[in-house]
Amino acid sequence: MKVADKQRRNKPNWLLLRRMQLYSSRAWVYREEQGWVFAELMPDELAEFKSYQYGITIPRMRVRLPYDYADFFSPEEDNSGNYYVNWFAYCTMPQAYPLLQSKFQIHQITSDEQISQWYSIQPGDYETWLWADEVKFCQELRYKIAVHKGYGWHEWGVPPEWKPPLVYKERIFIYAIVNELTQEVYVGQTDNLQRRLVEHLRDIENTDKVALIQSIRSQGREPQPIELEEVAGEKAIERERYWTSYYKKQGYKITNHDYPSLI
């Protein structure tokens, strides 16, 4: 996917996604009557956003992160937050103001282990992640708040390549291509096993998978996908992660380019 003359991966920034899932009730969301808007999420939208796991691809997401590359910055060091059209940053405060507790996800720091050596924070302080306008809101109320490191964007808006999110297929096959001799495996998901096999046989970019296929053929066999289970589309990522973890625990080498490492 090309964005602002840069090649962009088809998966979201995992660390930023986790921060936003934990602390933000805002994101870009597709609504039938409005298209893509940056807004406070409705309960069903927020629940969907929090359900996204490692491995989800951007076209599947009805709720998304800002599209442009996110720079990691430190406004307390060089006021670099002013360089961005919007930013999302780690903030701390000495007390939990009731109004803020009702608006934001605020957690108390209860032990030394929770404190980063880079920040001037004490046990008993409170922490959260806030957007630029939310920080301004706190400052206008004269609440004492410190802004630490965060993510900033130079561009803001909807890129032309953002189409309506893909609808989940009703049924998906979780499958594996396995070489028992060398203990190598490729785990994937598809709605059509034979079509997906043809795509794998044509793929030359994933060198580990190419080697897996060639190794199976050197044994006088043609690679065939093994159907592991059939699941509802919205469960496909979760079950693909399960089977990847299963084979990894059995000692198999996983030949997927981006298999879930946080298992």
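Reply: Lys209 has its place in helix H7 (residues 207-218); helices (H or I, at least four residues) and strands (E, at least two) are DSSP runs, numbered from the N terminus. The model is predicted: local features need pLDDT of at least 70, side-chain atom pairs count only at pLDDT 80 or more, and totals for chains, interfaces and linings use all residues. Residues are numbered from 1 along each chain as its sequence is written, and side-chain values use heavy atoms, with hydrogens and water left out.

With a relative accessible area of 4%, Lys209 is buried (under 20% relative accessible area; exposed is over 50%, partly exposed in between, with a 1.4 Å probe and protein chains only). Leaving aside residues up to four places away in sequence, Lys209 touches Tyr186, His200, Asp203 and Thr255, where contact means heavy atoms within 4.5 Å.

The sheet is open and has 4 strands in the order S13-S11-S12-S14, with mixed pairing; two strands pair if DSSP finds at least two bridges between them. Strand S13 (226-232) and strand S14 (253-254) are the edges, each pairing on one side only. S13 pairs with strand S11 (residues 171-179) in the antiparallel sense over 6 bridges, and Ile226 in S13 is the bridge partner of Ala176.

H7 packs on this sheet, touching S11, S12 and S14, and its direction makes about 65° with that of S11. Helix H6 (residues 193-202) lies across S11, strand S12 (184-190) and S13, at about 45° to S11. Axes are lines fitted to C-alpha atoms, for helices over the stretch in contact, and angles run from 0 to 180 degrees between N-to-C directions.
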